[in-house]
Amino acid sequence: MSRPAERKYRVATAFQRRLNPVMRRLPLQTLLETTGRVSGLPRRTPVGGRRVGDSFWLVSEFGERAQYIRNIKADPRVRVRLRGRWHTGTAHLLPDDDPTARLRTLRSLNSVAVRAIGAGLLTVRVDLDG
């Protein structure tokens, strides 16, 4: 990763460490819950995305560097909280998908933030259980 990209990553993660605990408490904030790859504990991350049928789509702003992506690689079973209701599912990393095009189909405010902050975008699809 280049120096400017590394700096952007460090600034963004420092900001997210402070903002995410507040965002997780908001009742209608969409959350992605993964299982910690080392601890085995549930890890909840505020995300933006969109449900389309039985799938939930999101774009990771730091691709495979994101901790929740590393957790998904270790265990793809996840939960997603949408409008206050939890749904279980299986996450799939889609490196061949065009994340910039995918962002155009997702919520605009989150998409703008991901494009501004992001480096190494990665599309994720969660197939929700019945």
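## The chain overall

Of the chain's 130 residues, 41% count as buried, meaning that their relative accessible area is under 20%, while exposed is over 50% and partly exposed lies in between (1.4 Å probe, protein chains only). This is a predicted model, in which local features need pLDDT of at least 70 and side-chain atom pairs count only at pLDDT 80 or more, whereas totals for chains, interfaces and linings use all residues. Residues are numbered from 1 along each chain as its sequence is written, and side-chain values use heavy atoms, with hydrogens and water left out.

The chain exposes about 7,800 Å², and carbon and sulfur atoms supply 52% of that area; accessible areas come from the Shrake-Rupley method with a 1.4 Å probe, and for residues only the protein chains shown count as cover.

## Helices, strands and contacts

You will find 4 helices and 7 strands here, in the order α-β-β-β-β-α-β-β-α-α-β from the N terminus. These are DSSP runs numbered from the N terminus: H or I of at least four residues for helices, E of at least two for strands.

Of the contacts (heavy atoms within 4.5 Å) between residues at least 6 apart in sequence, 66% join residues at least 24 apart.

## A look at E64

E64 sits in the loop between β4 (55-60) and α2 (67-74). Its relative accessibility is 43%, so E64 counts as partly exposed.

Leaving aside residues up to four places away in sequence, E64 touches I69, R70, K73 and L122. With K73 there is also a side-chain to side-chain polar contact at 2.6 Å; such a contact is a pair of N or O atoms within 3.5 Å and, within protein, one must be able to donate a hydrogen and the other to accept it, with residues adjacent in sequence counting only if both atoms are side-chain atoms. P95 is 31 residues from E64 in sequence, and their C-alpha atoms are 9.6 Å apart in space.
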